Amino acid sequence: IANPAAEIPPTDDRKLDVAGLVGADGYISVSYDLGLKEPYVGTSRLVNGEVATDIAYYLTTSEQLSSSVGIGVLVGARGQVQGAGGFLLQALPNPSADEEVVRARERAIDLMVRRSGEVDSVSHLVGEGADAQDLASRLLEDLPFREIGADSLRFRCTCDRERVTGILASMEDEELGKIFEDRENAEVTCEFCRRRYSVKREEIDAVRGNTAPDGGNDTLGR
């Protein structure tokens with residue numbers, strides 16, 4: 001992060017040495033916006049500095065979800081990214097106490113882990129033109145599955161003015177009183193994208209159902 005232009009030699013098998021650059025003396029920290037006052041943050045130690053391995057370890061230990069993660073970036077001869085992709089396989093919690101169901105779930109998890117270890121590197125598959133459906137077919141070859149949805153990938157924050165105002169409205173009167181003690185607007189900065197919101201007390205009261213907003217100017221982002 002301090003030196004984004006840093007470069008180190010590739011590994012012996014000619015792959016990007018992510019672990020050598022990132023190191024393993026640290027932590028992975030994941031934040032979830034659950035619509036509460038504060039985001040939920042989970043943390044675990046780095047295993048070896050490889051992104052996929054560290055994420056899988058975090059999900060398995062911090063969230064108790066058996067997970068297999070694969071990430072690949074196809075880099076050209078001149079260092080340009082030609083393609084990237086990945087997969088995340090998870091065994092969701094099973095509420096059933098039936099022993100047969102539990103055993104079947106464990107067999108499926110073992111198969112899932114084995115298949116993810118046998119599949120060709122993600123970067124090679126991407127280079128061959130594989131898409132998400134192709135990856136799923138290879139990873140779940142021995143398991144029945146169905147596609148329940150597809151979404152375009154976008155790097156964006158889901159914060160908006162309505163959500164921020166709702167969070168403020170859920171605060172205690174004493175807390176709000178301190179915020180508006182010497183100012184007209186509550187200034188809120190999103191912890192994820194750093195976007196700033198300026199919210200009037202009347203808007204918060206309107207959400208609480210006390211009054212109607214006065215229709216003043218929207219000061220979003222100022």
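This is a predicted model: local features need pLDDT of at least 70, side-chain atom pairs count only at pLDDT 80 or more; totals for chains, interfaces and linings use all residues.

User: How many disulfides does the structure hold?

Analyst: The general idea first: a disulfide is a covalent bond between the sulfur atoms of two cysteines. In this structure the count is zero. C157 shows the reasoning: its closest cysteine sulfur belongs to C190 and lies 3.6 Å away, which is too far for a bond. The cut-off for a disulfide is 2.5 Å between the sulfur atoms. C159 is in no disulfide either, with the sulfur of C193 as its nearest cysteine sulfur at 3.7 Å.

User: Next, salt bridges. What is the rule, and how many does it give?

Analyst: The rule asks for a side-chain nitrogen of Lys or Arg within 4 Å of a carboxyl oxygen of Asp or Glu. Here the count comes to nine. One of them joins R208 and D173, with N to O at 2.7 Å. That pair links distant parts of the chain: R208 sits in helix 8 (residues 201-208) and D173 in helix 7 (residues 173-179), 35 residues apart.

User: How exposed are R208 and D173?

Analyst: R208 is partly exposed, at a relative accessible area of 27%. D173 is exposed, at 52%.

User: Which other residues pair up in this way?

Analyst: E187 and R196 form a salt bridge whose closest N and O atoms are 3.5 Å apart. Both residues are partly exposed, E187 at 38% and R196 at 40%. The side chains of E191 and R194 also meet in a salt bridge, N to O at 3.4 Å. E191 is exposed at 55%, and R194 is exposed at 52%.

User: Which residues are linked in a network of salt bridges?

Analyst: E99, E100, R103 and R107 are linked in such a network.

User: Last, which residues form a nonpolar patch on the surface?

Analyst: To join a patch, a residue needs over 30% relative accessible area and no salt bridge. In this model L16, V73, V75 and V81 form a nonpolar patch, with about 330 Å² of accessible area together.

User: Take V73 as an example. Where is V73 found, and how accessible is V73?

Analyst: V73 lies in strand 3, which covers residues 67-75. Its relative accessibility is 38%, so V73 counts as partly exposed.

Notes: Residues are numbered from 1 along each chain as its sequence is written. Side-chain values use heavy atoms; hydrogens and water are left out. Patches are made of residues with over 30% relative accessible area and no salt bridge: like charges are joined within 9 Å, nonpolar side chains (Val, Leu, Ile, Met, Phe, Trp, Tyr) within 5 Å. Accessible areas come from the Shrake-Rupley method with a 1.4 Å probe; for residues, only the protein chains shown count as cover. Helices (H or I, at least four residues) and strands (E, at least two) are DSSP runs, numbered from the N terminus. Buried means under 20% relative accessible area, exposed over 50%, partly exposed in between (1.4 Å probe, protein chains only).
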